[in-house]
Amino acid sequence: MNILTISGSLRASSSNTRLVKAIMRLAPAGIETQLYQGLADLPHFTPDLDGGNPPASVLTLRQQLQAADGVLICTPEYAFGVPGTLKNALDWTVSSGDFSEKPVAAISASPLWSGGDKAHASLLLTLTALGANILEEGKIIIPMINKKLDADGNIVDPALLEDLKTVFSTFQRSFDK
Ligand code: FNR
């Protein structure tokens, strides 16, 4: 079984990208993880480009999603929503249906107390529109991320570490069904 992971941030020292990588290191035997790295390569979505011959970067996104048994997204919040780059990637999957019934963990992380809750709610709405199987225990909002994840990408908050480990058991249960 394999899980495609996506960080919604393009920032070089992104906490969400460090978090994604930390979560990937928690994967138990039997679950492979792969980090999607093409967010910045995608053109702005327009239905005009979404016809018979979409750009290569779009095909790569779709192929990686199709090959994945599940998807894990960690996103920051920008102006109470998900970053445009992440929403752009999700819009490219509307017509291809790559998220349909796909088990998905949706995580937001912010240095603020809100944990990016509005971006999280927005992400859930978009994933619902895409027909994803949003995993209950995969819905996680992480406040004060800078106190829970160090600069080297180590999770230093024991409660968060436990919550993140349960994400893999909930993925495993969805794969077993
Ligand atoms: C932010 N940030 C932010 N945080 C938040 O909790 N709610 C918000 O609405 C916003 N809005 C916002 C807009 C813009 C333009 C920037 C640059 C930042 C702060 C944001 O959570 C913080 O920069 C995170 O560190 C971004 O995530 P990464 O890049 O560390 O993963």
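**Close-up views of a predicted model**

View 1. Residues are numbered from 1 along each chain as its sequence is written. This is a predicted model, in which local features need pLDDT of at least 70 and side-chain atom pairs count only at pLDDT 80 or more, whereas totals for chains, interfaces and linings use all residues. The protein averages a pLDDT (the predictor's confidence in each residue, from 0 to 100) of 97, and 100% of the residues score at least 70; the model scores are ipTM 0.99 and pTM 0.98. Across residues 1-144 the end C-alpha atoms lie 32 Å apart, and the span is 31% helix and 23% strand (DSSP runs numbered from the N terminus: helices H or I of at least four residues, strands E of at least two).

**View 2. The open sheet.** Five strands form an open sheet in the order β2-β1-β3-β4-β5 with parallel pairing, where two strands pair if DSSP finds at least two bridges between them. Because β2 (32-35) and β5 (133-142) each have a single partner strand at the edges, one side of each is left without a neighbour in the sheet.

**View 3. The β1 and β3 pair.** Strand β1 (residues 2-7) runs parallel to strand β3 (residues 70-75), and five bridges join them. Leucine 4 has valine 71 as its bridge partner in β3.

View 4. Among the 15 residues around the ligand, Ser9, Ser14, Asn16, Pro76 and Ser110 come nearest, a residue being counted if its C-beta atom, placed from the backbone, lies within 6 Å. The shell around the ligand has six nonpolar, seven polar and two charged residues (nonpolar: Ala, Val, Leu, Ile, Met, Phe, Trp, Tyr, Cys and Pro; charged: Asp, Glu, Lys and Arg; polar: the others, Gly among them).
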